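Have a look at the model first, and then we'll dig in.

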Amino acid sequence: MPTEPKKVLCIHDLSGAGRCSLSVILPVLAVMGLQPIALPTMILSTHTGGLGNPARLDCETYGHAALAHYRDLGLAPDCIYTGYLGSESLVDLAAEAFRLWPGAVKIVDPVMADGGKPYSGFTPAVIQKVRTLCSSADLILPNLTEAKLLLDQDPVLSDGSISAEEALELASQLTGIAGRVVVTGLPMGKFVGCAGAGDEPFVVRHLHIDRSFPGTGDLFGAIVTGSLLRGNVLSAAADAAAGFVAQAIQHTPRNADTRFGVWFEPLLPRLAPMVEL
Ligand code: PXL
């Protein structure tokens, strides 16, 4: 019998247009040789980052029914990877999945804020719930603003850039919440970096590109998840993810509308495994 590709239960929203969340995560994990199982927390016509007021469908009831169906089927994920959970009850949905499959690797991207402020709807109560979810994760992937919010610190940077030492210190503080941490999207002078803690501490830096896009955190998180499940160490996974995000930005024409995300699709073959496991 051939071995089934590893299953990743992906608990994120599905934003139809705007290249983020499940529409980025599913193709990335699939091309990396994994088997994504999509569990949309919410269906939106677009993300909430500047494309007007999206149509929304809350999938909480569906989500609980889907989890019960997977449990009854005996379909146990190897990994549970969570992202945008726009309400307290959707954080409970993710926590329920963690309870159902305690043996799965639990990766939480605490999608809730960027650029120094929370996304709409992320009240202090939701943020507290996300913090609790992070404390039951094996790995968390906050951006800088989310990292500060998780630590209950002021999310606005005073001088717009942080040093490698400060980045490592921030990642290390977060190991008080989850075992392993990668803080992403760190402005480090002419570089953009990420910092890891929990095993060997590391900093990965790539040349900073002066444009920002929605969905790059999801692209990063999916590649880290895929790369870890393929047996790589965390620093290698983060380096691969940061490198791919930088390439995807470089391949997005300068005059493209940034609200629709990076043009990553033609680059997907670069993520395909060279060797079958
Ligand atoms: O990529 C982050 C993200 C995911 N999902 C939704 C969002 C955002 C960021 O704005 O609005 C719905």
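In which loop does Ser21 lie? Ser21 sits in the loop between E1 and H1. Before going further, some ground rules: this is a predicted model, where local features need pLDDT of at least 70, side-chain atom pairs count only at pLDDT 80 or more, and totals for chains, interfaces and linings use all residues. Residues are numbered from 1 along each chain as its sequence is written, and side-chain values use heavy atoms, with hydrogens and water left out.

Helices (H or I, at least four residues) and strands (E, at least two) are DSSP runs, numbered from the N terminus. Most residues other than glycine have a negative phi. Arg19, however, has a phi near 45°, a positive value in a residue other than glycine. Ser21 has a positive phi too, near 40°.

What about exposure? Buried means under 20% relative accessible area, exposed over 50%, and partly exposed in between (1.4 Å probe, protein chains only). Arg19 is partly exposed, with a relative accessible area of 22%, while Ser21 counts as buried at 2% relative accessibility.

Strand E1 (residues 7-17) has 8 of its 11 residues buried, so it is largely enclosed by the rest of the structure. Two strands pair if DSSP finds at least two bridges between them. E1 runs parallel to strand E2 (residues 35-46), joined by 9 bridges, and Cys10 stands opposite Ala38 in E2. E1 also pairs with E4 in the parallel sense, over 4 bridges. There, Val8 has Cys79 as its bridge partner, and Ile11 has Thr82.

Strand E4 (residues 79-82) is covered on both faces: Cys79 and Tyr81 on one side, and Ile80 and Thr82 on the other, are all buried. E4 pairs with strand E5 (residues 105-108) as well, again parallel and over 4 bridges. The partner of Thr82 in E5 is Val108.

## Two crossovers

A crossover is right-handed if, with the strands pointing away from the viewer, the path from the first strand over the helix to the second runs clockwise. By that test, E1, H1 and E2 make a right-handed β-α-β unit. E4, H3 and E5 make a right-handed β-α-β unit as well.

## The nonpolar cores

A nonpolar core is a set of buried Ala, Val, Leu, Ile, Met, Phe, Trp, Tyr and Cys residues joined through side-chain atoms within 4.5 Å. The largest one has 49 residues, and Leu9 and Ile140 touch the most other members. Helix H3 (residues 88-100) gives this core its largest share, 6 residues. A second, separate core of 41 residues includes Leu139, Cys194, Phe213 and Phe264.

Contact means heavy atoms within 4.5 Å. Leaving aside residues up to four places away in sequence, Ile140 touches Val108, Cys134, Leu150, Leu174, Ala178, Arg180, Val181 and Val182.

Helix H8 (residues 234-250) has 17 residues and reaches 24 Å from its first C-alpha to its last, close to the 24 Å expected at 1.5 Å a residue. That expected span is 1.5 Å times one less than the number of residues. Among the buried residues of H8 are Leu234, Phe244, Val245 and Ile249. What do the buried residues of H8 pack against? They pack against strand E8 (139-140), strand E9 (180-188), strand E10 (191-197), strand E11 (202-207) and helix H7 (216-229).

Ile209 is found in the loop between E11 and H7, and counts as buried at 18% relative accessibility. Not counting residues up to four places away in sequence, Ile209 touches Ala246, Ile249 and Gln250. Ile209 and Phe191 are 18 residues apart in sequence and 8.1 Å apart in space, C-alpha to C-alpha.

## Cysteines

How many disulfides does the structure hold? The count is 0, with a disulfide taken as a pair of cysteine sulfur atoms within 2.5 Å. For Cys10, the nearest cysteine sulfur is that of Cys79, 7.7 Å away. Cys10 is buried, with a relative accessible area of 0%.

At 2% relative accessibility, Cys194 counts as buried.
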